[in-house]
Amino acid sequence: MAIKVNLSRILGERRIKITELADTAGIAKNTVMALYHERAKGVTWDVLEKICAALNCQPGDLLEYIPSSGTNRDA
């Protein structure tokens with residue numbers, strides 16, 4: 001199972017820089033960079049809410065569930 005973060009795609013489509021999002025959302029640039037490069041180990045509800053507010057999007061626009069092949073969900 002994997003969670004894909006689509007932040008890099010969204011920022012690219014909207015031509016928004018990482019620093020601009022960090023300033024607008026009021027979160028640390030390092031936090032945005034970790035999500036942008038899909039290196040984040042987790043994200044708080046507060047950060048997710050601030051990013052969604054700044055980008056006027058839904059959490060489902062930012063995060064995508066990609067199931068692993070061969071995963072047994074009944075185990």
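## A buried residue in a predicted model

N6 is buried, at 8% relative accessible area; buried means under 20% relative accessible area, exposed over 50%, and partly exposed in between (1.4 Å probe, protein chains only). N6 sits in the loop between β1 (2-5) and α1. Helices (H or I, at least four residues) and strands (E, at least two) are DSSP runs, numbered from the N terminus. Leaving aside neighbours within four places in sequence, N6 is in contact with D61, L62, L63 and E64, where contact means heavy atoms within 4.5 Å.

The model is predicted: local features need pLDDT of at least 70, side-chain atom pairs count only at pLDDT 80 or more, and totals for chains, interfaces and linings use all residues. Residues are numbered from 1 along each chain as its sequence is written, and side-chain values use heavy atoms, with hydrogens and water left out.

## The chain as a whole

The chain has five helices and two strands, in the order β-α-α-α-α-α-β from the N terminus. Its C-alpha atoms fill a box of roughly 45 × 25 × 20 Å along the principal axes. Of the 75 residues, 25% count as buried.

The accessible surface comes to about 5400 Å², and carbon and sulfur atoms account for 50% of it. Accessible areas come from the Shrake-Rupley method with a 1.4 Å probe; for residues, only the protein chains shown count as cover. Among contacts between residues at least 6 apart in sequence, 64% join residues at least 24 apart.

The buried residues in α1 include L7, I10 and L11. Seen down the axis of α1, the buried residues fall within an arc of 95°, so they line one face of the helix; the arc is that of the directions from the helix axis to the C-beta atoms. These buried residues pack against β1, α2, α3, α4 and α5.

Just after α1, R15 takes a positive phi of about 55°, although R15 is not a glycine. R15 lies in the loop between α1 and α2 and, at 72% relative accessibility, counts as exposed.

I16 is found in the loop between α1 and α2. At 22% relative accessibility, I16 counts as partly exposed. Not counting residues up to four places away in sequence, I16 touches L11, L21 and L55.

## Helix α4

Helix α4 covers residues 45-55, and its buried residues are V47, L48, I51, C52 and L55. Seen down the axis of α4, they fall within an arc of 130°, so they line one face of the helix. On the other side of α4, W45, E49 and A53 are exposed.

The packing partners of the buried residues of α4 are α1 (7-14), α2 (18-25), α3 (29-36), α5 (59-62) and β2 (63-66). N56 follows α4 and has a positive phi, near 50°.

Another positive phi belongs to E38, at about 55°, although E38 is not a glycine. E38 lies in the loop between α3 and α4 and is partly exposed, with a relative accessible area of 37%.

## The cavity

How many cavities of 30 Å³ or more are there? The count comes to one. On a 1 Å grid over the protein atoms alone, a cavity is a set of points where a 1.4 Å probe fits but cannot get out, and lining residues have an atom within 4 Å of a point. Grid points are joined across faces, edges and corners, and a volume is the space filled by probe spheres set on the points.

About 60 Å³ of space lies in the largest cavity. Its lining consists of V5, L7, L35, V43, L48, I51, L62 and L63. Of the lining residues, eight are nonpolar, none polar and none charged; Ala, Val, Leu, Ile, Met, Phe, Trp, Tyr, Cys and Pro count as nonpolar, Asp, Glu, Lys and Arg as charged, and the others, Gly among them, as polar.

Notes
1 Å grid on protein atoms, 1.4 Å probe; cavity = no way out; pocket = protein on both sides within 12 Å on 5 of 7 lines; lining within 4 Å.
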